[in-house]
Amino acid sequence: MPKMGESIMEATVLTWLKKVGDNITIDDSILEVATDKIDTEVPASHTGVLHQILVKEGQIAEIGKPICLIMSDKEDSQEKIDKPTNGTASLAEPLIFEKFAETILAKPSQFTVLSKSDSRFYSPLVLNMAKSEGLNQSDLDSIIGTGLDERVTKADLELFLKTGKNIIQKQKVTPKNIIKIEPNDEVITMDRMRSMIADRMTASLEISAHVTSFVECDMTDIVNWRNSVKKSFSDTYHENITFTPILMQAVARAIEAFPMINIQVDGNRIIKKGNINIGMAVALPNGNLVVPNIPNANKKSLIELTKYVNDLTRRGRENKLKPDDLEGGTYTVSNIGTFGNIMGTPIIVQPQVAIIAFGAIIKTPAVIQTEIGDTIAIRHRMYISHSYDHRVIDGSLGGQFVKKVADLLEKFDGERELNM
């Protein structure tokens, strides 16, 4: 099982795309897996014939552990199965394969904390974490799992350890008899990703002390500049320039001015992140949202940011984002204006401590100061919402940061060159 991202230790096998006996070429997609962040296909690391599947659909595969056995030659593998050499057990014998698989996968009965749970399987990763944290069997059994068949995931256990209580329990114990289902009602079961999003959003509100500050920003110069360069930008760079990369550039520069926005919380420690990796909310084909990020956004030109934004958006719509695209974000941008919303109170993406939302750009009458006095003019205005974790970001810092973003946008140079 290949590495799926810096914090991902296991994945659930969704579908095997190849069956036993199929010829496989290196880099062929052989199965689909799901992590707590994304569904993706796994390529073959070798060329040959798929001889045995070690991790079946619905089971958990650990990163770095074998998930199948590929023989380099189909005829050779069949010969070894039928005719062991000199009475010595061949590696290809089914019995040996079965024992090999048991060793690799470690049956649930081999992993217990204090006693065996009759109706629940815990992955080796979860059990090892529980042992190292001194949890007992009743602690584990009390955790509501968000994984396949309600298994406890690493994220569930980490949340339990951080909060000292089972936050997810609040969401999952809504008694069915409280909700009355009428004959014309349609019951829709959440898909796996929507269920995880629901859990993580609820958990974020419990973990972080959310506060939101708002500012209004004059976007007239940016709107006029974009309108004037749209065609030449597309002709020169073969990319459509939207407002999103312009907004991201302002956020990146504001983070440089206020680096304590770019932090994470680890117990009683504050981790000040060295890189500014800005995540952006992207809609998937099924309507769910994911947050891929642009690494070192502060070091990229507007052209580079435009290419990154367009690429992530395009691959998100085509369901082709990779696990690495979702790793390492330190701050998140949500452009809710694309939905016609003027403002909102976004929820922080853990373990980050802040998220900014840009509303729709709307023409409104505004008071403008001129050399001959105040006047009223039609301007393009936008509201900016900044949600931050009040445990580590006070109102002064949170408010100054979002005001800095607005100032940078209002001071946008309408004569700037494209490559800046």
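Predicted model: local features only at pLDDT ≥ 70, side-chain atom pairs only at ≥ 80, totals over all residues.
**Notebook: salt bridges, a hairpin and a patch**

I started with Asp218 and Arg381, whose side chains meet in a salt bridge at 3.5 Å, N to O. My cut-off for a salt bridge is a side-chain nitrogen of Lys or Arg within 4 Å of a carboxyl oxygen of Asp or Glu. Asp218 sits in strand β8 (residues 210-218) and Arg381 in strand β18, so this pair ties together parts that are 163 residues apart in sequence. Strands here are DSSP runs of E with at least two residues, numbered from the N terminus.

Residues are numbered from 1 along each chain as its sequence is written, and side-chain values use heavy atoms, with hydrogens and water left out.

Next I asked myself: is Asp218 buried or exposed? Asp218 is buried, at a relative accessible area of 11%. Buried means under 20% relative accessible area, exposed over 50%, and partly exposed in between (1.4 Å probe, protein chains only). I then found that Asp218 and Arg381 belong to a network of salt bridges that also links Glu216 and Arg379.

How many salt bridges does the whole structure hold? My search of the whole structure gave 12. One of them joins the side chains of Lys320 and Glu318 at 3.8 Å, N to O. Lys320 counts as exposed at 52% relative accessibility, and Glu318 as partly exposed at 45%.

Then I went to the hairpin. Strand β9 (residues 263-266) and strand β10 (residues 269-272) pair in the antiparallel sense over 4 bridges; pairing takes at least two DSSP bridges between the strands. Val265 has Ile270 in β10 as its bridge partner. With 2 residues between the strands, Gly267 takes a positive phi near 65 degrees. Asp266 and Arg269 also meet there through their side chains, in a salt bridge of 2.4 Å, N to O. Both ends came out partly exposed: Asp266 at 38% and Arg269 at 48%.

Last, I looked at the surface. Phe214, Ile342, Met343, Ile362 and Tyr383 form a nonpolar patch with about 410 Å² of accessible area together. Patch members need over 30% relative accessible area and no salt bridge; nonpolar side chains (Val, Leu, Ile, Met, Phe, Trp, Tyr) are joined within 5 Å, like charges within 9 Å. The areas are Shrake-Rupley with a 1.4 Å probe, and for residues only the protein chains shown count as cover. Tyr383 lies in strand β18 (residues 373-389) and is partly exposed at 31%.
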